[in-house]
Structure formats: structure tokens, C-alpha cells
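Trainee: Please take one residue of this model and go through it closely. I am new to this structure.
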Amino acid sequence: MRAVAEFIMRGRVRAVILTMLGIPLVSPAILALVSLRRGSSDGLMVLAWALLPIVVAGMSGHVPLLVAGISAGYFVAVLCGAVALRSRSSWIAALLTVIAVSAVSIGLTSYFSGGLLQGFLQAVERAAEQPNSVPMEELRQVFSGELQITGYLSLILAMSATLALILGRYWQALLYNPGGFRQEFHQLRLPLWLAAASMLLWVLGLVTPGYAFWGAVVAFPMVVAGIALIHWLVASRGWGIGPLVAMYVMLVIGGLPLAGFLCGLALVDSWIDIRGRFAK
């Protein structure tokens, strides 16, 4: 990882080329690293080159507008999150920025493409290895309207951009501040008002038809804060990597129940400051 980060930071041209290649997670993380270390001006330059092949592919028809819009929004969300993190030194500000930009990007893509639902369902059907291997009727029930699909894609985009931002911050710490990312992430804690508002909106989203995914978008910072608290607890108790692996596997297998637990944990932490109580 360190060798990759060093290679990227040796020259602007290298960062631009690697970003233009569109390597999943890595290319947006390179944009994050450049923006975090060198500022928004260099970040905007790398972003412009990264968007060039996306725009060309979208306008030429080689890539569906849905894919082009999501890809562009991905890079823009990473840049904005990195700029917020650099200027405010706050993961809370970065997470809120990523969520806002992701939602706006998906909304704009939906508006200019005339809707995302049909394009999404067609893309899923084309991607299936065998005909009828994907339960399309069940998908149509889950994504019964534009409200659901925009919420779902906003959540996926925010999660992806956050992962890229985390990787970029990790690379930055490896090169310039060893151990800094670990300490910074372990201390991530939401203000009580934000945690309470997020929890309330998430619950309202769950009980309001069509808003479940949008509730998850709002609750996403709480999930990240809960994960950060688990990382801190495991590290402070010296439990090794096993509990973290189990947590991430459970997130993949049973995302909603564990996400609810992490949100509740983040809310309690915002209320009573678990780290502070353990320190006493």
C-alpha cells in the first residue's frame, strides 16, 4: 500500500493517468489522496481528467447515461468529501458532504436521463449470466418507483465514495502521518443532536412506504460511527482482527439488523461518550 501511495505522489501525471484508468475504488482513492494532500486545485485538475473519458463515453453512447452519471457522481462526491475533510479535519463534515453530493448527483442523473428505474432494471437483466437467473419480479416490487431506486443508488454511491475517501486518507497517513488515520477514525463520534435526528429520520423512513433507502442514506453516518467505535473497542482491548472480520461478514450477510445495532451504538455513544467512560 505504501509503495502504491508513493508512486502516485511522485508526479501529477501519474495520478492523472491512474485516475483516468477507472480502476474500481483505487482511481477515486487516488483523487482523494491528491485532494487531501495538495488541495482542491490539484484535486479539480485530476477530477477533470478523470471525468473526460466518462463524458466522452456517455455522449458517444458507448456507456448508458445511468452508468456515466453514477461514475461522474462517484468522483465528484470523493473530491468534495476530501476537500471537506482537509479543510475541516472532521469526518462528520466529510460524511455529510459525501451524502449530500451523492444524493444530488443521483437526482441530477435521474432528471437528465428521464428516470433511472427502467435503465437500472435493464442493466441488471443484461448483466445476468443466464436468462431468468435474476428474480426480476421481486426486484420490480422492491424498486417500484423512482423514489426507491434513487434512494438505493444514493446509498450505494455514498458508501462507495466513503470507502474511496477512507483509502485515500489511509494512504496519506502512511506517507505523512503514520498512525494518524487509526487515531482519527477511532475518535469518530457524532454530536448528540445529529445522531438523534438521524435515528429519527431512519425510523421514519422504515415505516414510510418508499423511503426505506432514503432513511438508510440519512443513517449512514451513524453506521460509520458505530463501526469506528467497534474498531476502537477491539483495539483498546487487544482482541485482534477476528471480531472485525466477523462484523464485516455479518454486515454483508445480514446488513439491516447489524446496521440497526451500529446505529443504536452510535446514538448511545453520542449520549454518554463510551470512550470517555472507559478512560475513567
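Mentor: The side chain of Q172 makes a polar contact with the side chain of R169, at 2.8 Å. A polar contact is a pair of N or O atoms within 3.5 Å; within protein, one must be able to donate a hydrogen and the other to accept it, and residues adjacent in sequence count only if both atoms are side-chain atoms. This is a predicted model: local features need pLDDT of at least 70, side-chain atom pairs count only at pLDDT 80 or more, and totals for chains, interfaces and linings use all residues. Residues are numbered from 1 along each chain as its sequence is written, and side-chain values use heavy atoms, with hydrogens and water left out.

Now place the residue. Q172 sits in helix 9, which covers residues 146–176. Helices are DSSP runs of H or I with at least four residues, numbered from the N terminus. Q172 is buried, with a relative accessible area of 13%. Buried means under 20% relative accessible area, with a 1.4 Å probe and protein chains only.

Next, its surroundings. Set aside the neighbours within four places in sequence, and Q172 is in contact (heavy atoms within 4.5 Å) with L33, L36, R37 and N177. Two other loops deserve a look. L25 lies in the loop between helix 2 (12–20) and helix 3 (26–38). L25 has a positive phi of about 70 degrees, although it is not a glycine. D273, in the loop between helix 14 and helix 15 (274–279), also has a positive phi, near 60 degrees. Most residues other than glycine have a negative phi.

Key. Buried means under 20% relative accessible area, exposed over 50%, partly exposed in between (1.4 Å probe, protein chains only).
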